[in-house]
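Morning, everyone. I have one chain to go through today, so please look at it on the screen while I talk.

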Amino acid sequence: MANANIKRVKSSEIEFKDKLVSIQRVTKVTKGGRTFSFSAIVVVGNENGVVGHGLGKAKEVTSAIAKGIDDAKKNLIKVPVLNATLPHEAYGKYSGAYVFMKPAAPGTGVIAGGAMRAVFESVGIKDVLAKSKGSSNPHSVVKATINALTKMRDPYTIAQMRGIEVERVFNG
């Protein structure tokens, strides 16, 4: 994550809502029989441009989810949200998962699959068109979606970088 656009956020001063993306029962076969444990992927966000994802593993479901929430609060990013949608199109990739997302008109809703939907709802994006290609593994899809969201740049920072007014960014 050497991208200069990633803005780390402190989790102490924000109220978060968490969404469970997926939970897996993992079996370890030993000499004494089968040992079951659980792994949970959790996405947390304040529904106002801050999102993070985490993975928790434990012998019980509830403690796995709690660990996932704690992990998610440790790696939060700030995403520019413009009128409840994205500022521009973006592609994201992680392992075998490829995601594509583009802004949508107001009233469209979140057109996205399960793992991507959880991330968008946690960020606070209400209108988006998204497609997941390649691997449907929830771990990879969540990380690819977060990867694409880190590439987002809002028009105000682009205008500041170029030294022009915000209106000229849209009009070319």
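Among contacts in the chain between residues at least 6 apart in sequence, what percentage join residues at least 24 apart? It is 59%, where a contact means heavy atoms within 4.5 Å.

Some ground rules. This is a predicted model, where local features need pLDDT of at least 70 and side-chain atom pairs count only at pLDDT 80 or more, while totals for chains, interfaces and linings use all residues. Residues are numbered from 1 along each chain as its sequence is written, and side-chain values use heavy atoms, with hydrogens and water left out.

Next, the secondary structure. The chain has five helices and eight strands, in the order β-β-β-α-β-β-β-β-α-β-α-α-α. Both are DSSP runs numbered from the N terminus: helices are H or I with at least four residues, strands are E with at least two.

Now the inside. Of the 172 residues, 38% are buried, meaning under 20% relative accessible area with a 1.4 Å probe, protein chains only. A nonpolar core is a set of buried Ala, Val, Leu, Ile, Met, Phe, Trp, Tyr and Cys residues joined through side-chain atoms within 4.5 Å. The largest one has 26 residues, and Val51, Met101 and Leu149 are among those with the most contacts inside it. β6 (97-103), α2 (114-123), β8 (128-134) and α3 (138-150) each give two or more residues to this core. The largest share, six residues, is from α3.

Take Leu149: leaving out residues up to four places away in sequence, Leu149 touches Val79, Leu86, Met101, Val119, Phe120, Val123 and Ile125. A second, separate core has seven residues, including Val42 and Leu76.

Technical notes
Buried means under 20% relative accessible area, exposed over 50%, partly exposed in between (1.4 Å probe, protein chains only).
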